Amino acid sequence: MANRLCINSKSTLKILPFSLLTMEGDENIQASKGKNVESFACLEASRKKNKKIENKRRFSDEQIRSLECIFETESKLEPRKKMQLARDLGLQPRQVAIWFQNRRARWKSKRIEQEYRKLKDEYDNLASRFESLKKEKESLQVEVSFWLF
């Protein structure tokens with residue numbers, strides 16, 4: 001018989017047979033085989049996600065300074081260097097790898113923003129120059145038509 005998750009009023013999960021789901025207290029819920037009780041599993045997934053956020057560790061200022069300093073010289077690390085750096089900073093090699101990956105992404109985004117601003121400035125200058133040339137052309141056409149007639 002298949003098992004399903006059931007949550008009681010104290011927000012703990014119990015694995016119960018599929019045919020009978022109970023909640024502590026006065027209420028008993030009978031679930032037929034066709035009933036969907038996956039919403040209970042969603043609650044548990046939400047709790048796990050919140051717990052991961054709570055457990056998320058930040059880097060110390062010293063660790064970030066060291067990582068930034070190394071990133072300035074090389075944006076990608078060889079596996080041996082990554083292992084050594086992780087040991088020196090008291091981090092997991094995976095943390096170092098992810099930090100470098102995220103830092104490369106931020107660097108790329110900043111570079112793209114700078115390039116966009118530069119291109120936009122150039123475009124604005126060209127558009128302005130185009131408008132002034134257009135006005136100059138119109139005034140010259142008026143002047144030429146005056147001399148022709």
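Q: How much space lies in the second largest pocket?
A: In this predicted model, the second largest pocket holds about 150 Å³ of space.

Q: Which residues line the second largest pocket?
A: The lining is formed by Phe59, Ile64, Arg94, Gln95, Ile98, Trp99, Asn102 and Arg106, and by class these residues divide into four nonpolar, two polar and two charged.

Q: And what gives the most to that lining?
A: Helix α4 does, with six residues contributed to the lining of the second largest pocket.

Q: Stepping back, how many helices and strands are there in the chain?
A: The protein chain has four helices and four strands, and read along the sequence they follow the pattern β-β-β-β-α-α-α-α.

Q: What share of the residues is buried?
A: Of the 149 residues in the protein chain, 14% are buried.

Q: Which residues make the contact?
A: On the α3 side the contact is made by Lys82, Met83, Leu85 and Ala86, and on the α4 side by Pro93, Val96, Ala97 and Phe100. Sorted by class, the contact of α3 with α4 has seven nonpolar residues, no polar ones and one charged residue.

Q: Now Arg103, where is that found?
A: Arg103 is found in helix α4.

Q: Does Arg103 count as buried or exposed?
A: Arg103 counts as buried, because its relative accessibility is 15% and the buried class takes in values under 20%.

Q: What does Arg103 touch?
A: Leaving out residues up to four places away in sequence, Arg103 touches Glu68 and Phe71.

Q: How far apart are Ser66 and Leu89 in space?
A: From C-alpha to C-alpha, Ser66 and Leu89 are 8.2 Å apart in space, while in sequence they are 23 residues apart.

Q: And Glu62, exposed or buried?
A: Glu62, which also has its place in helix α2, is exposed, because its relative accessible area is 57% and values over 50% count as exposed.

Q: How far is Glu62 from Leu89, then?
A: Glu62 and Leu89 are 27 residues apart in sequence, and the distance in space between their C-alpha atoms is 8.7 Å.

Key: Residues numbered from 1 in each chain as written. Predicted model: local features only at pLDDT ≥ 70, side-chain atom pairs only at ≥ 80, totals over all residues. Heavy atoms only, no water. Contact = heavy atoms within 4.5 Å. Helix = DSSP H or I, 4+ residues; strand = E, 2+ residues; numbered from the N terminus. Nonpolar A, V, L, I, M, F, W, Y, C, P; charged D, E, K, R; others polar. 1 Å grid on protein atoms, 1.4 Å probe; cavity = no way out; pocket = protein on both sides within 12 Å on 5 of 7 lines; lining within 4 Å. Points joined across faces, edges and corners; volume = space filled by probe spheres on them. Buried < 20%, exposed > 50% of the residue type's maximum accessible area, 1.4 Å probe, protein only.
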